[in-house]
Amino acid sequence: MTNPIDWDAHWIERCLELATEAGAAGEVPVGAVVVLGDRLLGEGRNRVEELRSPLAHAEMEAIQRALVAAGDKRLPLTTLYCSLEPCFLCAGAILHARVRRVVYCARDPKFGAVRSLAQILEDERLNHRCTVDEGREAERSAELLRAFFRKRR
């Protein structure tokens with residue numbers, strides 16, 4: 001008898017791999033993936049320094065790749081996994097893309113728009129809201145970030 005796959009753990013692990021790649025490239029270590037069921041539609045990592053763009057966040061890259069893969073302007077049945085709580089920019093993109101669920105590891109007390117500074121994805125005033133799950137592998141993600149910033153200082 002085989003054990004069922006824990007898809008949340010699987011995709012969070014991929015986010016952390018992407019975050020590690022970002023950190024090795026001199027970027028803030030954040031990774032994200034968008035999935036439909038058990039199928040990867042898009043993935044990304046921070047590329048702000050590489051592309052010299054404040055828009056080059058992991059979530060933005062993952063969403064854009066997922067939109068291309070889906071051949072649509074919306075991602076209504078998808079889940080976005082991210083190693084760090086999405087910021088205001090990314091939360092807006094998540095809402096406009098109509099992502100169904102967001103799962104992230106660590107909170108971002110300085111820019112987080114999902115729980116830390118605002119609760120945008122669940123705001124009842126909006127016509128679209130997401131289901132949000134947080135905290136899985138939060139310490140691993142937070143340690144990647146702490147190590148990155150320690151090295152930069």
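The expected span of a helix is taken as 1.5 Å times one less than its number of residues, where helices (H or I, at least four residues) and strands (E, at least two) are DSSP runs numbered from the N terminus. On that basis the 13 residues of helix 3 should span 18 Å, and this agrees with the 18 Å that separates its end C-alpha atoms. The model is a predicted one, in which local features need pLDDT of at least 70 and side-chain atom pairs count only at pLDDT 80 or more, whereas totals for chains, interfaces and linings use all residues. Residues are numbered from 1 along each chain as its sequence is written, and side-chain values use heavy atoms, with hydrogens and water left out.

**Helix 3 and its packing against helix 4**

- Helix 3 (residues 58–70) and helix 4 (residues 88–97) have axes that come within 9 Å and cross at roughly 20°, the axes being lines fitted to C-alpha atoms, for helices over the stretch in contact, and the angles running from 0 to 180 degrees between N-to-C directions.
- Helix 3 is therefore roughly parallel to helix 4, a term for angles under 35 degrees, while those over 145 count as roughly antiparallel, 65 to 115 as roughly perpendicular and the rest as oblique.
- The contact, which means heavy atoms within 4.5 Å, is made by Glu59, Met60 and Ile63 of helix 3 together with Leu89, Cys90, Ala93, Ile94 and Ala97 of helix 4.
- Among the buried residues of helix 3 are Ala58, Glu59, Ile63 and Leu67, where buried means under 20% relative accessible area, exposed means over 50%, and partly exposed lies in between (1.4 Å probe, protein chains only).
- The cover over the buried residues of helix 3 includes strand 1 (31–36), strand 2 (39–45) and strand 3 (79–84), as well as helix 4.
- Glycine 71, which follows helix 3, has a positive phi near 65°.

**Helix 1 and helix 5**

- Helix 1 (residues 7–24) packs with helix 5 (residues 138–152) at an angle of about 0°, and their axes are 11 Å apart, which means that helix 1 is roughly parallel to helix 5.
- From helix 1, Glu13, Leu16, Ala19, Thr20 and Gly23 meet Arg140, Ser141, Leu144 and Phe148 of helix 5.

**Pairs brought together from separate parts of the chain**

- Not counting residues up to four places away in sequence, alanine 97 touches Ile63, Lys73, Arg74, Leu75 and Pro76.
- Leucine 36, in strand 1, is partly exposed at a relative accessible area of 32%, and its C-alpha atom is separated by 4.7 Å from that of threonine 78, 42 residues apart along the chain.
- With neighbours within four places in sequence left aside, leucine 36 is in contact with Leu41, Leu77 and Thr78.

- Most residues other than glycine have a negative phi.
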